[in-house]
Structures are given as C-alpha cells and as structure tokens.
Amino acid sequence: MEKEFKVTPWDVSGNVDYEKLIKEFGVEKISDKLLERIKKHTKDLHFMLKRKVVFSHRDMNWLLDEYEKKNKFFLYTGRAPSGPIHLGHLLPWIFCKWLQDKFDVEMWFQFPDEEKFLFKEDLTLEETEKWTKENMLDIIALGFKPEKTKFIVDTKNADLMYKEACKIAKKITFSTVKATFGFENDSNIGEIFYTSMQAVPAILPSVLKKKNIPCLIPLGIDQDPHFRVARDVYPKLGYYKPAILHSIFLPSLKGDAKMSTSDENSVIFTTDKPEDVKNKINKYAFSGGQPTLEEHKKKGGNPDIDVCYQYLKMLFEEDDKKLEKIYHDYKSGKMTTGEIKNYTIEKINAFLKEHQKRREEARKKIEKFLF
Ligand code: TRP
C-alpha cells in the first residue's frame, strides 16, 4: 500500500509523491517546450531546471508572453524568520539569484516576522527579531544585487503592508482557508489572517508604482497553497495573478522528505563548521549502499535513495558529466559509500567556506537591502 504523505506550509511528512501533489495542487509540470522557451532568454538552463528540481509552475507562459512584450516582471519570495538557515532553505534562493542575474530583474524578499510567532507556541516576537537579521545575512551572502533587491519586514513595513492585506483579507472567507489549511475552531485569528500578509508583496510594486507589474514567485511547493488562495483575489482588486515556479524539497540527512530544523541530527546549517558537516554526513546521511563493501562491489548501490547523491544532484554538483559518472559508478559498485560521502563533504564544505565568508561581510550591507 502507498504510504500517506502530507504537504502544508507548516508540515511536510511522509514519502512525498510529487506527481500526485501536482495533481492535488492543480499545478502544471514544466514541459520541455517551456524549458526551451526559458532558454531562449537565459541562454543556458540552470541545473535545477534541467534536473527537475524546479519541476512545476503556474502561468509561466503568460509571464514570458509579457516579458517578450517588454513588460518585465519582478521576483518575489520570502522567509519566515524563526531559526538558523539550513541547506534546504537555500535551494530555491540559489535559483532565484540565477533568475535575477539572467533576467536582470528586481527581487522583493519578504520576512514575515509575525508568521512563526503566530504558528509556533514557543517563539516570542523579540526572539524573532534576532533571527530576521541573522537570516538576512544568508540571503545577502547568496549574492543578490543590492540595487535590485528589497527586503520587506512585516512588522517594520506594516504601514505599507497592512492596508493591502486588509483589501485581500476582505475577499477571503474563513471557510476557504479552513478547507485549504485545515484550521479549526481553536486556531488563533492571527493564523487565519496570515495568508493575506504573505499575498501582499506580489502586488506591492504595482501598488507603489501605480501600474501593473507581472510577478514571478519561486518557492518550495509547500508554500503554494497561500498563493492558490490569493491568486483568486488579485484580479478582483485589479492586479495580475503572479506566476509561480515550484521546487521540490531537499531531503533531510536521514532521508525524510524535507530537511527541517526540528531534528538537529538531520540538518546541515549554513553556519556549521567543516567538522560538523563531516560528522553529520558520516554518521547520519542515509546511504543507498550495501551493508558490506564486498556486497557493494558486487551488487552496486542505489543513487536514487542515497542522500549524498541527492545533495550532489540538487545543489552541489553543477557539472552534468561528473554527476552522471558518479551516478553510474555508484550504481555499478565502483564508487563506495565512503567515497561518495567524502566527495559530498568536500563539496559542501567548499560551498560553506565561501558562504560563511560572504555571510560575515553581509553584516555591513544589511541597510542597503532594507525597504
Ligand atoms: N511562509 C514562508 C516561510 O515559512 C515565508 C514566505 C513569505 C514566502 N513570503 C513568501 C515563501 C513567498 C515563498 C514565497 O518561510
């Protein structure tokens, strides 16, 4: 029997069947034809597109129609500050940075600093403030252009946000969010209102510039339900529906569907030291290898369930040829589990060394990004 899975903005569990999820959410798979169309503008394709890490969308053809008519879009995504950033968080943002460079567009990045306060029992608004700043460092470190990137913090930019949120909230009923998110009578009313805050940045540049500007939202697919609800509302207020690109989740070290901060031994943080990374991968990374070296050499491993292989494919091995070789060598048993782990540790540590340096330099740059 198939294992149950669950994907909501606050909870991802079970063995996620992405094909099924696409149908449930009513989104479209990215076709080869769409990839070709994107490539016409970007010249090359990001490996996340080629490898179906970014795998589905809403209204991308409309967005490109507009772009081809010289109606440029802006990018929008976000992060609810609540704790340290891990590799899984970085995945859609690395893709966003590529989009910003290729299309030379603005990026509006929301920090809904009330979200996790409302949804989690044990977080105060004061603690969140610290995480907002810390999380900003990771985003700046990825290399977004300061002159084209704007950070909006819900509680700090409330004067801009609240009016628009009310207009959106007025057009969403309790029964809609209840059906979408499973709220109950004991859900607090902040939770029920929240989707309207996350919906605002998709129209904020249009509001400010007093003309409609297309918006593209790259996100982890768990965030799609907010926009499924909001997309029905935007046209009623006279705005475009935003286009969306969905990425799949980076698995946790232990092989669960989504890396999550709730299990310390299953997550790699951007601030982890080389030793931490080495220990965590060696100790916890779920292996597709055979129990003994002898057996491995004979039968070969299974890269499709091997967490290190997934990390290489989804984030750290940009070179298609190298990745393919690793796939075949591991599958044939030529490459051992120890070897694929060591290679992945090296790759992650090389990335983190650079990231951590840029992250420290970012402390001086925050001001430039604030709206
Ligand atoms: N809700 C997201 C989180 O939990 C944060 C977020 C705000 C977001 N706006 C967004 C994510 C737009 C994707 C797209 O981190």
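A residue counts as partly exposed when its relative accessible area falls between the buried limit of under 20% and the exposed limit of over 50%. Aspartate 59 has 29% relative accessibility, so this residue is partly exposed. Please keep in mind throughout that the model is predicted. You will find aspartate 59 in the loop between strand 4 and helix 4 (60-68), and its phi is positive, at about 60°, although the residue is not a glycine.

For background, most residues other than glycine have a negative phi. Lysine 52 sits in the loop between helix 3 (47-50) and strand 4 (54-58), and with 38% relative accessibility it counts as partly exposed.

Is leucine 87 buried or exposed? Leucine 87 is buried, because its relative accessibility is 0%. The residue belongs to helix 5, which covers residues 87-103.

Which residues does leucine 87 touch, leaving aside those up to four places away in sequence? The contacts are Leu250, Met259, Ile268, Leu315, Phe316, Ile348 and Leu352.

Now to the charged side chains: the whole structure holds 31 salt bridges. One of them joins the side chains of lysine 72 and aspartate 104, at 3.9 Å from N to O. Lysine 72 is in the loop between helix 4 and strand 5 (74-78), and aspartate 104 is in the loop between helix 5 and strand 6 (107-111), so this pair ties together parts that lie 32 residues apart in sequence. Both ends are partly exposed: lysine 72 has a relative accessible area of 37%, and aspartate 104 has one of 33%. The two residues also take part in a network of salt bridges that links Lys72, Lys97, Asp101, Asp104, Lys145 and Lys148.

Another salt bridge brings together the side chains of lysine 209 and glutamate 106, at 3.8 Å from N to O. Here lysine 209 comes from helix 11 (residues 204-209) and glutamate 106 from the loop between helix 5 and strand 6, so the parts tied together are 103 residues apart in sequence. Lysine 209 is partly exposed, with a relative accessible area of 44%.

Lysine 357 is partly exposed at 46% relative accessibility, and glutamate 354 is partly exposed at 38%.

## A patch of negative charge

Finally, have a look at the surface for a group of acidic residues. Glu121, Asp122, Glu126, Glu127 and Glu129 form a patch of negative charge there. One of these residues, glutamate 129, lies in helix 7 (residues 125-141).

Methods. Residues numbered from 1 in each chain as written. Predicted model: local features only at pLDDT ≥ 70, side-chain atom pairs only at ≥ 80, totals over all residues. Heavy atoms only, no water. Helix = DSSP H or I, 4+ residues; strand = E, 2+ residues; numbered from the N terminus. Buried < 20%, exposed > 50% of the residue type's maximum accessible area, 1.4 Å probe, protein only. Contact = heavy atoms within 4.5 Å. Patch = residues over 30% accessible without salt bridge, like charges linked within 9 Å, V, L, I, M, F, W, Y side chains within 5 Å. Areas by Shrake-Rupley, 256 points an atom, 1.4 Å probe, with all protein chains shown as cover. Salt bridge = Lys/Arg side-chain N within 4 Å of Asp/Glu carboxyl O. Lys, Arg positive; Asp, Glu negative; His and termini not counted. Charge placed at Lys NZ, Arg CZ, Asp CG, Glu CD.
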